[in-house]
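Subject: Structure handover

Hello,

Please find the structure below. My notes on what was found in it follow.

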Amino acid sequence: MIELTGLAKSYGRARAVDGMDLTIERGQTVALLGPNGAGKSTTIGMMLGLVEPDSGRARVAGLDPVQAVRQGKVGAMLQEGRLIERVTVRELVGCVAGTYPAPMPVGHALELAGLDGLGGRRADRLSGGQVQRVRFAMALVGDPELIVLDEPTAALDVRARQGFWTGMRAFAERGRTVLFSTHYLEEADEQADRVVVIARGRVIADGTSAEIKNVVGGSTVAVDMKELTAAELAELPGVVQVEIRNERARLHTRDADATVMALAGARAVHNLEVTGVDLESAFLALTEVA
Ligand SMILES: Nc1ncnc2c1ncn2[C@@H]1O[C@H](COP(=O)(O)OP(=O)(O)OP(=O)(O)O)[C@@H](O)[C@H]1O
């Protein structure tokens, strides 16, 4: 659905996107995760044909991004953009629907975006969170093959955020492709099939959130020390570091399953505890070393 090859864009001396290669299959929900200034918005801008790359190529649904947008294959929700004044929410969303070849009924888009009851409200008399939902309805009303959302939940409170993701999942379940950028690691973890971490304009990690966690720290396996010495524990499969405190060993491992199996083989499982690295630590470690 999306194919970026060697995509690059600089603003003066700042290299916003620095040779981005990324392929996203149809039907995937992908999070683009990265710190401020990582290049997420610039990448999205190039995918939508809004930003001209210096080099490399972006293809969307096999087309040049501008063509893909013109043919109604893409819906987008960008970070800024005021709504047109003096029209109702339903009129506004209906107007956007009219620019797509096969839109969904406006009422359905309003429902997915959590706007039922607000269709008759003037678009310039809404709260920040409601505006955000109207922009979501505008992005999905065309029933596009791909929806691209740049930090979609930035202005939403916890409840509105939950509502937003319910609507987004319902949309994704129609077999649609979703790409969203976020700083919220929990969102990437919970909502995406795949997490692409970018820093300094490059992809630095790409996989399921479980895989991303594994790349960095894997897990910690703790056991009471009995049968094995510290040196023997350090030799177990997956183990990268051993800490011993009060007769208890904490093994940092890249493969908790293999480590635990080996411990079991040595009959050295006593008070076993396995903890995973959370995505937050994985993300920080990745973006620091990038
Ligand atoms: N129009 C512009 N003019 C000059 N520099 C820009 C412009 N847009 C982006 N940049 C620079 O390019 C880099 C990448 O910015 P971009 O907005 O793509 O990152 P981002 O990951 O979306 O950040 P954020 O999470 O803060 O929105 C930053 O260093 C930014 O200052």
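**Helices on the sheet**

Helix α1 (residues 40-47) lies across β3, β6 (146-150), β7 and β8 (194-199), and runs at about 150° to β6. Helices (H or I, at least four residues) and strands (E, at least two) are DSSP runs, numbered from the N terminus. Contact between two residues means that their C-beta atoms, placed from the backbone, lie within 7 Å. Axes are lines fitted to C-alpha atoms, for helices over the stretch in contact, and angles run from 0 to 180 degrees between N-to-C directions. Helix α5 (residues 128-140) also packs on the sheet, where it touches β5 and β6; its direction makes about 170° with that of β5.

This is a predicted model: local features need pLDDT of at least 70, side-chain atom pairs count only at pLDDT 80 or more, and totals for chains, interfaces and linings use all residues. Residues are numbered from 1 along each chain as its sequence is written.

**The sheet**

The open sheet has 6 strands in the order β5-β6-β7-β3-β8-β9, with mixed pairing (two strands pair if DSSP finds at least two bridges between them). β5 (74-77) and β9 (202-207) are the edge strands, each with a single partner, so one side of each has no neighbour in the sheet. From one strand to the next, the twist averages 15°. Strands β3 (residues 29-33) and β7 (residues 177-182) run parallel and are joined by 5 bridges. Thr29 stands opposite Val178 in β7.

**The ligand**

Among the residues that surround the ligand are Tyr11, Asn36, Lys40, Ser41 and Thr42 (C-beta atom, placed from the backbone, within 6 Å of it). α1 gives the most to this shell, with 3 residues.

Regards
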